[in-house]
Amino acid sequence: MKKGEGMPELTPLTDLEKSIVKQLGKARFPPATASKRFAVGLLNGNVTKLSDKGRRFLAYVVHRFRRQYTLSPQQQEWVREWNIPIEGDMKKHYTKRTVEASAYCPICNKMTQHAVLGGLLAGCLHMAEHPQPEREKAVEDKQGDLFNA
Ligand SMILES: [Zn+2]
């Protein structure tokens, strides 16, 4: 099943990356999105290491919400370096017979098995281990504190 894609190596966030995460704290995200859960995980310290794919997702998120904060030239350069589209992974079509596929999950921060429905990639099968909606709601209620600390 596994075709030697190997374990993507997780490395601790650098100071520059931490400063970029801090910028994300100023942004408001649409509720219940992968972008938001990913940002919250980084901001509340649950995620301290990222793989290359995780860095690409961070750059994608930072770029997507760039109007909500001002990045330093150094931060902008980091985003440019890492903002390599990964949505391709999400839009890939699978055969109708495919029921599972390996794809990057920004919430698990690694490659995971995902369900495939009607040839399209659907949810991560490790969803049960994702942060619970109740907790996310609690975070959202405290968003003022958390995101402006
Ligand atoms: Zn996941």
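**Notebook: a first look at the chain**

I started at Ala32, which is exposed, with 11 other C-beta atoms within 10 Å. My cut-offs: a residue is buried if 20 or more other C-beta atoms lie within 10 Å of its own, exposed if 12 or fewer, and partly exposed in between, with C-beta atoms placed from the backbone. Ala32 sits in the loop between α1 and α2. Its phi is positive, about 55°, although Ala32 is not a glycine. Most residues other than glycine have a negative phi.

**Ground rules**

I keep in mind that this is a predicted model, where local features need pLDDT of at least 70, side-chain atom pairs count only at pLDDT 80 or more, and totals for chains, interfaces and linings use all residues. Residues are numbered from 1 along each chain as its sequence is written.

I then went to Asn109, in the loop between β3 and β4. Asn109 also isn't a glycine, and its phi is positive at about 65°. Buried or exposed, I wondered about Asn109? Asn109 is buried, with 21 other C-beta atoms within 10 Å.

**Elements**

I counted seven helices and five strands in the chain. Helices (H or I, at least four residues) and strands (E, at least two) are DSSP runs, numbered from the N terminus. Read from that end, the order is β-α-α-β-α-α-α-β-β-β-α-α.

**The sheet**

I found an open sheet of three strands, ordered β3-β4-β5, with antiparallel pairing. Two strands pair if DSSP finds at least two bridges between them. β3 (100–105) and β5 (120–124) are the edge strands, each pairing on one side only. On average, neighbouring strands here are turned by 50° against each other, direction ignored; the axes are lines fitted to C-alpha atoms. Between β4 (residues 110–117) and β5 I noted three bridges. Leu117 has Leu120 in β5 as its bridge partner.

**The core**

Which residues have the most contacts inside the largest nonpolar core? They are Leu24, Ala39, Leu42, Leu58, Val61 and Val62, in a core of 18 residues. α1 (15–24), α2 (34–43), α3 (52–64) and α4 (73–82) each supply at least two residues, and α3 gives the most, with six. Such a core is a set of buried Ala, Val, Leu, Ile, Met, Phe, Trp, Tyr and Cys residues joined through C-beta atoms within 7 Å.

I followed up Val61: leaving aside neighbours within four places in sequence, Val61 is in contact with Leu24, Ser35, Phe38 and Ala39. Contact means C-beta atoms, placed from the backbone, within 7 Å.

Technical notes. Axes are lines fitted to C-alpha atoms, for helices over the stretch in contact, and angles run from 0 to 180 degrees between N-to-C directions. Two residues are in contact if their C-beta atoms, placed from the backbone, lie within 7 Å.
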